[in-house]
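Subject: Model handover

Hi,

Here is the structure I promised to pass on. Could you open it next to this email while you read?

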Amino acid sequence: MSSGALPGPRRVALRLAPRFLVLAGAITAGGAAGCDDVSRFSTAEGESYCGAITLGGAFRAGLSPRVQMRLSLDADALDGPEPPGALWTYEAPDAATPERRLLDGAPLRPIGALAHDPLSRLEFGEGRERNAIYAVSASDPEAESLLAILSLRTDESVEVRLLRPGQAPLASGEAPAAGQRQVFGNFRLTRRTGTCGF
């Protein structure tokens, strides 16, 4: 045997290496495709995702701690041109204020140009399989629209962040109209039968 020849076992390993790489690539691709399958998050007829706002005052703006949210979702339509679902909110009345519905079946409106921007594949924090951003219209036609950031979580729940930048205070120091005020709220939703009681 010449000094430049490879030993027998190593020649076999080199011949198998390309086959192994092809197999590893196929396994990786299959795993990635499985991770992208979010259809299990879709709500069936008679189901909703339900939950309440995060209570801490530091995590809320323009929303009371009594606000609840309902979501219907067709997860297969997350990247499509049509709304993949709708949002409702309900704030129970108290001694000073009547019940309030900031959103009432508001469609999750896709933002067309966003699909061509890296923000459409927003990633933040562990435990979130997929994030998506939509516009939603308030039930009051005079109010400004809001953004809804959906996060499909690995524990099968859905997180929704609702936000509106709002108008700056008026020169006189008065607060803007209710439909122009800043809004931020984080809702953790879990799948339930029914319409969340509202």
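Below is what came out of going through it, from the overall layout down to single residues.

Two ground rules first. This is a predicted model, so local features need pLDDT of at least 70, side-chain atom pairs count only at pLDDT 80 or more, and totals for chains, interfaces and linings use all residues. Residues are numbered from 1 along each chain as its sequence is written, and side-chain values use heavy atoms, with hydrogens and water left out.

**Overall layout**

The chain has one helix and eight strands, and the order along the sequence is α-β-β-β-β-β-β-β-β. Both kinds of element are DSSP runs numbered from the N terminus: helices are H or I with at least four residues, strands are E with at least two. Of the 198 residues, 34% are buried, where buried means under 20% relative accessible area, exposed means over 50% and partly exposed is in between, using a 1.4 Å probe and protein chains only. The accessible surface is about 11,600 Å², and carbon and sulfur atoms hold 58% of that; areas come from the Shrake-Rupley method with a 1.4 Å probe, and for residues only the protein chains shown count as cover. Among contacts (heavy atoms within 4.5 Å) with a separation of 6 or more, 55% are between residues 24 or more positions apart.

**Strand pairing**

Strands count as paired if DSSP finds at least two bridges between them. Strand E1 (residues 47-52) runs antiparallel to E8 (residues 183-193), with four bridges; Ser 48 has Arg 192 as its bridge partner there. E1 is also antiparallel to E2 (residues 67-73), again through four bridges, and Ala 52 is partnered by Gln 68 in E2.

Further along, E5 and E6 are antiparallel and share eight bridges, with Arg 130 opposite Leu 152. E6 then pairs with E7, also antiparallel, over six bridges; Leu 147 sits opposite Leu 163 in that pair. Seven of the eight residues in E6 are buried.

**Residues worth a click**

What does the side chain of Arg 130 meet in a polar contact? The partner is the side chain of Asp 79, at 2.6 Å. A polar contact here is a pair of N or O atoms within 3.5 Å; within protein, one must be able to donate a hydrogen and the other to accept it, and residues adjacent in sequence count only if both atoms are side-chain atoms. Arg 130 belongs to strand E5 and counts as buried because its relative accessible area is 12%. Leaving out residues up to four places away in sequence, Arg 130 touches Val 38, Leu 78, Asp 79, Arg 121, Leu 150, Ser 151 and Leu 152.

Ser 120 lies in the loop between E4 (104-107) and E5 (128-136). Its side chain reaches the backbone oxygen of Asp 117 at 2.8 Å. Beyond neighbours within four places in sequence, Ser 120 is in contact with Leu 114, Ala 115 and Asn 131.

Most residues other than glycine have a negative phi. Glu 156, however, has a positive phi of about 75 degrees. Glu 156 sits in the turn of the E6-E7 hairpin, which has four residues between the strands, and counts as partly exposed because its relative accessibility is 35%. Cys 196, in the segment after E8, has a positive phi too, near 65 degrees. With 16% relative accessibility, Cys 196 counts as buried.

Phe 198 is also in the segment after E8, and is buried at 11% relative accessibility. Aside from neighbours within four places in sequence, Phe 198 is in contact with Gln 68, Met 69, Arg 70, Trp 88, Thr 89, Tyr 90 and Arg 101.

How many cavities of 30 Å³ or more does the structure hold? There is one, and the largest cavity has about 30 Å³ of space. A cavity is a set of points on a 1 Å grid over the protein atoms alone where a 1.4 Å probe fits but cannot get out, and lining residues have an atom within 4 Å of a point. Grid points are joined across faces, edges and corners, and the volume is the space filled by probe spheres set on them. The lining is Leu 63, Val 67, Thr 89, Glu 91, Arg 100 and Leu 102.

Cheers

Key. On a 1 Å grid over the protein atoms alone, a cavity is a set of points where a 1.4 Å probe fits but cannot get out, and a pocket is an open set with protein on both sides within 12 Å along at least five of seven lines; lining residues have an atom within 4 Å of a point.
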